[in-house]
Every structure is written in C-alpha cells, then in structure tokens.
Amino acid sequence: MKLICETYYTLSWVMDILTIGILVVIYFFISENIEFHSYMSIMAILSSSILYVMGILHSFHVDLFKLHQGISENYYNYISTIGNVNWYVGYLSMMFPMGCLLYLNFKNCWMKRLLFIYVNLGFYNVIICKSDGIILGLASSFLVVGCFLMKHKNFLEDFMKLMLSFSVIMGIVFLIITFYSGEYVQIDGIFLLIIKKKIWLVMGTGVLFALFFLKTDIKKKITLKIKFTELEQNIVLSILFVAIAIAVLIYEISVFEDGWGTGRGRLWIYTYNLFSNFKWIYKLFGCGCDCFGIAFLSKYSSYVDGIYLNAHNEFLQYLVTMGFFGLVSYGMIWISAGKMFIQKKEKSIVDWIFFSGIVGYLGQSVVNNPQALNYAVLFLMLALFKKSYKEL
C-alpha cells in the first residue's frame, strides 16, 4: 500500500507540474507577445453566453445536450457544467465583474445593449449557482468596481441602471419560485434571503429614486457645505470597505465551527492538523500536487462524512500538496498582481477589467477548489494584465 501511494504521489507531481508548466509557458508567451483587442472580449462574451443560456435552461431541468445523464439526484449541483458547480463559481467570479466593467466602458450603441443583456444573463446564473462562494468572489471583485466608480464618476448612472436591472432579475426569480409549479432549482443562501424578504424590491425602488434624482435638476439645487477632495473620498471609501470586511470577519469567526460552510469548518481544521503532523520534507514541498484526497482520507476518512478530494480552500490545498514553498509561490500571484495594479498611475480600462476578474477569483478561492478550466482562464487574464501593465 505504501508503494502504491508513493507511486501515485510521484505520478501526481509529474502530471500536475506538467500542467502548471504549460500554463506558465503560455503566460510568459502571451504577456510578451499578445496585446488585448476588442475581438477577444467578443469571443469571451460569446463563449460565456453559451454557458449562461445553458445555466438558465438547466435551472428549469432542461438538458438539451444531455450533459446531466446519470446525475439526476444531484442535478442542480452541476448547473451549466459537466463538472461540480465549484468551477462555475470561479468562472462567474471572474467573468461577471469583467462583463459589468465592459458594459460601463462602451458608449451607447448596439454593443452596449448586447452587453447589458449579457451581464443580466450572468447575474441570473449568479443567483442560481447554489454557492455562497460566489458572494465572496463578487464582494472582492466589486471592491475594484467600486474604486473604479469613485475614480470615474461619469459611469455611475450606467452602474445604477445595472443595479436596477439586477433588482428586476431577482424579482423575476421571486415570481418563478412563487408561482412556477414545474421543476426549478432550489435557491439557497444569501440570495434566497434577499429574494424571500423582498430586499430586491427595496433596492430597486431606492435605485429608481436615485436615478430620478440624477436625471432632474434637484441635485443642482442642493449644495453641500462639506466638500471632499478625491484623496479624502478614497480614504473614506477605504475605511468603509475595511470596516465592512472586519465586521464580516468577526461575524464569521464567531460562528465558525465544525459544520460551518457545509462542513468546511471541520474540513479546514482537519486539514491544518494533517499539515502540522507532516514530516519536515512534506511541510516544505507537500505530499503531491493532486494528492490531497489520498493524504487526507488515509488519516481522517472515519471522522468525516463523504469523500473529500480537495481542501475547499486553495491556500490550504497548496499548503498540503505543495508545502510552504508552494504556498508562497501561489501567494506571489496575488501579491505581484496587486503590486502591478497599485504601481501603475494611469490605469486603463483594460487594467480595471482584468484586475476585477483576478480579485474575483481570489475571493472565491478561500472556499473553493483549484480547477484546471478556471486556471486556463486565470493565467490568460494574468498574462494580458501584465502586458497591459508594461504599456506604461
């Protein structure tokens, strides 16, 4: 048995290092030779739209391409995908905020109208994906979107139109789950609360009044005695974001226990214990890129319900599978991206778009698994982001 495990570990290291190596080569090639062009965004929109439409159909249990044969008991855990919904959450966390910023950037034309439809199709999928991990992804990415709106206030009205349309989408979902008698995805989590408590109606009404305020001359008649500089506004916004983040963190710590996050609390505690009991060489280099399941279940299979092949936290995943050095290397992805974004004084719309997607992926990664399909998208975004950064 020991020989089998060691052989599996060796093969895992070879195969996964090959995959990561290929992605790294592609990253350096693209970041040095390929520039972002509008046709790339059109290709991304077309491919994403196919998934969005599939997600809408799947939410009504319509499977045109017969992708869900044999998994009828867990049908809605595979929305718009032949794999678990975890990868779709990562994909949406990247593509949805990027779509929003693309919509804001386009002027009034046919492309802007199509982007408006595209973003709303994406929002419907955000609601039905049945994972609160999407909340972390969107919360992270929309911090970037919020900073963009603070810097480019002329886009605020278009963003408010998006918020109004999002309220309408939630209202449509409310009508579906209230009156539709056929098979439909059972929404849960935060979006269920927002829809059931009609918070979407309050939000939509508030945005509608705000839009009316912006469209009329009322705002011109109101003068504020206190005026803030752009730096002061950014400081106030940053303090607000940090305060919200601390409040959420304190709340999550206060309710953290074994069953937190559909068993993630227990899983993370055992994962940390697994790493702490490793030999020193495993602590430095890990047990193997794709060997979490074997290492974890060999020790804790009798203590957990179900089969865990991933840590459901990418940082813990790499700590166990690639050790301290792997975790540091993984962390440098986000540190270097953040450093490039901060250092660039004159940020283009391309910088904002890609950085929102990168941060969106980071947000959901703390409760999700590494996915090969998402990594291909992530490395492409990182490469194009670096290329844009070099064009100072």
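Three salt bridges hold a place in this structure, a salt bridge being a side-chain nitrogen of Lys or Arg within 4 Å of a carboxyl oxygen of Asp or Glu. Welcome to a predicted model, in which local features need pLDDT of at least 70 and side-chain atom pairs count only at pLDDT 80 or more, while totals for chains, interfaces and linings use all residues. Residues are numbered from 1 along each chain as its sequence is written, and side-chain values use heavy atoms, with hydrogens and water left out. The chain has 16 helices and zero strands; helices (H or I, at least four residues) and strands (E, at least two) are DSSP runs, numbered from the N terminus.

**The salt bridges**

- D158 pairs with K112, and their closest N and O atoms are 3.2 Å apart. This pair links distant parts of the chain, with D158 in helix α6 (residues 156-179) and K112 in helix α4 (residues 110-128), 46 residues apart.
- Are D158 and K112 buried or exposed? D158 is buried, at a relative accessible area of 15%, and K112 also counts as buried, at 5%. Here buried means under 20% relative accessible area, exposed means over 50%, and partly exposed is in between (1.4 Å probe, protein chains only).
- K130 and D188 form another salt bridge, with 3.4 Å between the closest N and O atoms. It too joins distant parts of the chain: K130 is in the loop between α4 and α5 (133-151), D188 is in the loop between α6 and α7 (189-196), and 58 residues separate them.
- K130 counts as partly exposed at 23% relative accessibility, and D188 counts as partly exposed at 35%.
- D351 and K344 meet through their side chains in a salt bridge of 2.9 Å, N to O. D351 is buried, with a relative accessible area of 1%, and K344 is buried as well, with 6%.

- Which residues make the nonpolar surface patch of about 830 Å²? They are W280, I281, F285, F324, F325, V328, M332 and I335.
- Patches are made of residues with over 30% relative accessible area and no salt bridge; like charges are joined within 9 Å, and nonpolar side chains (Val, Leu, Ile, Met, Phe, Trp, Tyr) within 5 Å.
- Helices α12 (280-285) and α14 (314-343) each supply at least two residues of the patch. The most comes from α14, which gives five residues.
- W280 lies in helix α12 and is exposed, its relative accessible area being 62%.

**A look at S93**

- S93 sits in helix α3 (residues 85-105). With a relative accessible area of 0%, S93 is buried.
- The S93 side chain reaches the backbone oxygen of V89 at 2.8 Å.
- Which residues is S93 in contact with, leaving aside its neighbours within four places in sequence? They are I134, G137, S141, G357, G360, Y361 and Q364, where contact means heavy atoms within 4.5 Å.

**Positive phi angles**

- K198 has a phi near 60°, a positive value in a residue other than glycine. K198 lies in the loop between α7 and α8 (199-215) and is partly exposed, with a relative accessible area of 37%.
- H312 has a phi near 55°, again a positive value in a residue other than glycine. H312 is found in the loop between α13 (292-300) and α14, and is buried, with a relative accessible area of 15%.

**The chain as a whole**

- Of the 392 residues of the chain, 44% count as buried.
- The accessible surface comes to about 21,500 Å², and 69% of it belongs to carbon and sulfur atoms. Accessible areas come from the Shrake-Rupley method with a 1.4 Å probe; for residues, only the protein chains shown count as cover.
- Among the chain's contacts with a separation of 6 or more, 76% are between residues 24 or more positions apart.

**Confidence in the model**

- The average pLDDT of the chain is 82, and 82% of the residues score at least 70; pLDDT is the predictor's confidence in each residue, from 0 to 100.
- Over residues 1-15 the pLDDT is below 50, and beyond near neighbours in sequence this stretch has 21 contacts in the model.

Terms used. A polar contact is a pair of N or O atoms within 3.5 Å; within protein, one must be able to donate a hydrogen and the other to accept it, and residues adjacent in sequence count only if both atoms are side-chain atoms.
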